[in-house]
Amino acid sequence: HETTMENGMMSMRPIESIAFSAGETVELKPQGKHIMLIGLTRALQEGEEVPVLLEFAESGVQSHLFTVHKP
């Protein structure tokens with residue numbers, strides 16, 4: 001998802017992909033581009049590390065650990 005501000009109104013919209021080159025850093029953060037986890041079976045705790053599978057066009061599926069932060 002990406003959070004945007006338009007005419008004083010904040011909104012989120014899903015995005016299909018994020019384009020970036022090898023070696024480039026993409027920052028995921030609240031009120032910007034972020035990953036929304038849907039269908040969780042329990043509440044996540046701040047500081048918890050969560051494994052997430054990401055699919056890359058060139059290198060396939062990779063597992064990454066993300067740390068849960070309060071928005």
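This is a predicted model: local features need pLDDT of at least 70, side-chain atom pairs count only at pLDDT 80 or more; totals for chains, interfaces and linings use all residues.
## Strands β3 and β4

Strand β3 pairs with strand β4 (residues 60–67) in the antiparallel sense, with eight bridges between them. Three residues separate the two strands, and together β3 and β4 form a hairpin.

## An aromatic pair

Strand β3 also takes part in the next feature. Searching the whole structure turns up one aromatic pair. Its members are Phe 20 and Phe 56, whose ring centres are 6.2 Å apart. The planes of Phe 20 and Phe 56 meet at 85°, and planes over 60 degrees apart count as edge-to-face, so this pair is edge-to-face.

How accessible are the two residues, Phe 20 and Phe 56? Phe 20 is partly exposed at a relative accessible area of 38%, and Phe 56 is partly exposed at 23%.

## Around Glu 2

Now over to strand β1 (residues 2–6), where you will find Glu 2. Is Glu 2 buried or exposed? With a relative accessible area of 17%, Glu 2 falls under the 20% cut-off and is therefore buried.

The side chain of Glu 2 makes a polar contact with the side chain of Lys 33, at 3.2 Å. Beyond its neighbours within four places in sequence, Glu 2 is in contact with Ser 11, Met 12, Arg 13 and Ile 15, as well as Gly 32, Lys 33 and His 34.

Technical notes: Residues are numbered from 1 along each chain as its sequence is written. Side-chain values use heavy atoms; hydrogens and water are left out. Helices (H or I, at least four residues) and strands (E, at least two) are DSSP runs, numbered from the N terminus. Buried means under 20% relative accessible area, exposed over 50%, partly exposed in between (1.4 Å probe, protein chains only). A polar contact is a pair of N or O atoms within 3.5 Å; within protein, one must be able to donate a hydrogen and the other to accept it, and residues adjacent in sequence count only if both atoms are side-chain atoms. Contact means heavy atoms within 4.5 Å. Rings of Phe, Tyr and Trp (its six-membered ring) pair if their centres lie within 6.5 Å; planes under 30 degrees apart count as stacked, over 60 as edge-to-face and the rest as tilted. Two strands pair if DSSP finds at least two bridges between them.
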